[in-house]
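User: Hi! Could you walk me through this structure and the spot where its ligand sits?

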Amino acid sequence: MDFTEEIKQDLESDDWTVYHAAEMDSTNEWAKRLAEEGAPDLTVCLADEQTAGKGRLGRVWKSPAGTSVSMSVLLRPSVRPEHLSMLTLVMGMAAADGLGKIMGLPVGIKWPNDVVIHGKKLCGILTETASDGSWVVIGIGINVNMTDFPEELRSKASSIRLETGREESLPRTAAVVLNEFRDYYRAFLETEDMSGLRATYERMLVNIHEKVRVFDPGGAFNGTALGIDDAGDLLVRRDDGTVVHVYSGEVSVRGIYGYT
Ligand code: BTN
């Protein structure tokens with residue numbers, strides 16, 4: 001059975017259009033090209049290896065072939081364009097739930113969408129939206145079968161295999177996350193924002209009630225994370241008592257005592 005057949009076997013919904021390639025520049029770029037060609041809602045692109053994988057904040061995302069899931073989901077929801085980026089949190093919820101089920105271990109979210117276990121990152125998410133709001137592409141890289149990481153990542157990254165000691169199937173991992181995503185996406189579309197999912201998201205949020213440092217372009221500050229608002233912005237009570245809404249596009253947030 002090839003990769004596409006294996007993933008389709010585990011997908012619970014027939015709504016998905018699945019593309020798979022052995023090698024691709026970046027699955028996000030691939031999904032964006034398909035979007036421009038008119039590909040439908042719920043198109044998913046997967047690659048065994050990316051030659052130009054992209055991370056958040058202009059970083060490079062690298063993963064050796066066979067060790068990870070690199071996939072991008074193209075969506076065309078009819079929601080207000082400024083609401084599209086909230087879907088990045090929805091994918092974070094799907095990944096945390098799906099990977100938690102696969103591993104049988106509690107997996108959390110570091111706001112906005114890093115999926116973490118024991119304080120280390122299991123997957124990263126990069127969301128890109130069309131300037132006219134006609135599509136959104138959510139790319140996700142999941143650390144599945146890595147047995148080691150480069151020195152600079154060792155204290156910050158983990159994989160399913162490192163946590164469970166078991167090798168995991170890449171198509172099954174992808175399908176489990178996509179199945180969770182299908183359900184959360186439906187729930188998101190009911191309100192077109194995070195209001196219906198907020199309580200569930202906050203239960204997954206490892207930063208909640210924790211001290212965080214917010215790296216805002218206007219200057220860094222410390223505070224306590226209180227949760228999210230209906231738009232998915234992080235609510236932070238600053239040390240001077242004021243509560244601010246932190247928008248994920250502009251800032252990064254770190255724990256005071258470590259990565260999470
Ligand atoms: C992050 O910096 O945490 C986000 C990493 C996102 C990586 C994924 S891998 C699949 C998709 N294609 C890309 O080029 N990037 C995303």
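This is a predicted model: local features need pLDDT of at least 70, side-chain atom pairs count only at pLDDT 80 or more; totals for chains, interfaces and linings use all residues.

User: Thanks! How many residues surround the ligand, and which are the closest?

Analyst: The ligand is surrounded by 19 residues. Closest to the ligand are Ser26, Gln50, Lys54, Arg56 and Lys121.

User: What is the distance from serine 26 to the ligand oxygen?

Analyst: The gap is 2.8 Å, taken from a polar side-chain atom of serine 26 to an oxygen atom of the ligand.

User: And arginine 56, is that backbone or side chain?

Analyst: Backbone: a polar backbone atom of arginine 56 is 2.7 Å from an oxygen atom of the ligand. Lysine 121, on the other hand, uses a polar side-chain atom, which lies 2.7 Å from a ligand oxygen.

User: How much of the ligand's accessible area does the protein cover?

Analyst: On its own the ligand has 420 Å² of accessible area, and the protein covers 98% of that.

User: How many residues line the largest pocket, and which are closest to its centre?

Analyst: The lining has 43 residues, and those closest to the centre are Arg59, Val60, Trp61, Lys121 and Leu153. Lys121 is also among the residues closest to the ligand. As for elements, H2, S3, S6, S7 and strand S12 (252–255) each supply at least two residues of this lining.

User: How does the pocket lining divide by class?

Analyst: It divides into 18 nonpolar, 15 polar and 10 charged residues.

User: How many cavities of 30 Å³ or more are there?

Analyst: The count is 1 cavity of that size. The largest cavity has a volume of about 40 Å³.

User: Which residues line the largest cavity?

Analyst: Its lining is Phe3, Leu46, Ala47, Asp48, Ser68, Val69, Ser70 and Leu170. Strand S2 (43–50) and S3 are the elements that give two or more residues to this cavity's lining. By class, 5 of the lining residues are nonpolar, 2 are polar and 1 is charged.

User: Switching to the backbone: is the peptide bond from tryptophan 111 to proline 112 cis or trans?

Analyst: That bond is cis, with omega near 0°. Proline 112 is in the loop between strand S4 (108–110) and strand S5 (114–117).

User: And what is the phi of histidine 118?

Analyst: Histidine 118 has a positive phi of about 50°, although it is not a glycine. You'll find histidine 118 in the loop between S5 and S6.

User: Why point those two out?

Analyst: Because most residues other than glycine have a negative phi, and most peptide bonds are trans.

How values were computed: Residues are numbered from 1 along each chain as its sequence is written. Side-chain values use heavy atoms; hydrogens and water are left out. A residue is near a molecule or strand if one of its heavy atoms lies within 4 Å of it. A polar contact is a pair of N or O atoms within 3.5 Å; within protein, one must be able to donate a hydrogen and the other to accept it, and residues adjacent in sequence count only if both atoms are side-chain atoms. Accessible areas come from the Shrake-Rupley method with a 1.4 Å probe; for residues, only the protein chains shown count as cover. On a 1 Å grid over the protein atoms alone, a cavity is a set of points where a 1.4 Å probe fits but cannot get out, and a pocket is an open set with protein on both sides within 12 Å along at least five of seven lines; lining residues have an atom within 4 Å of a point. Helices (H or I, at least four residues) and strands (E, at least two) are DSSP runs, numbered from the N terminus. Ala, Val, Leu, Ile, Met, Phe, Trp, Tyr, Cys and Pro count as nonpolar, Asp, Glu, Lys and Arg as charged, and the others, Gly among them, as polar. Grid points are joined across faces, edges and corners, and a volume is the space filled by probe spheres set on the points.
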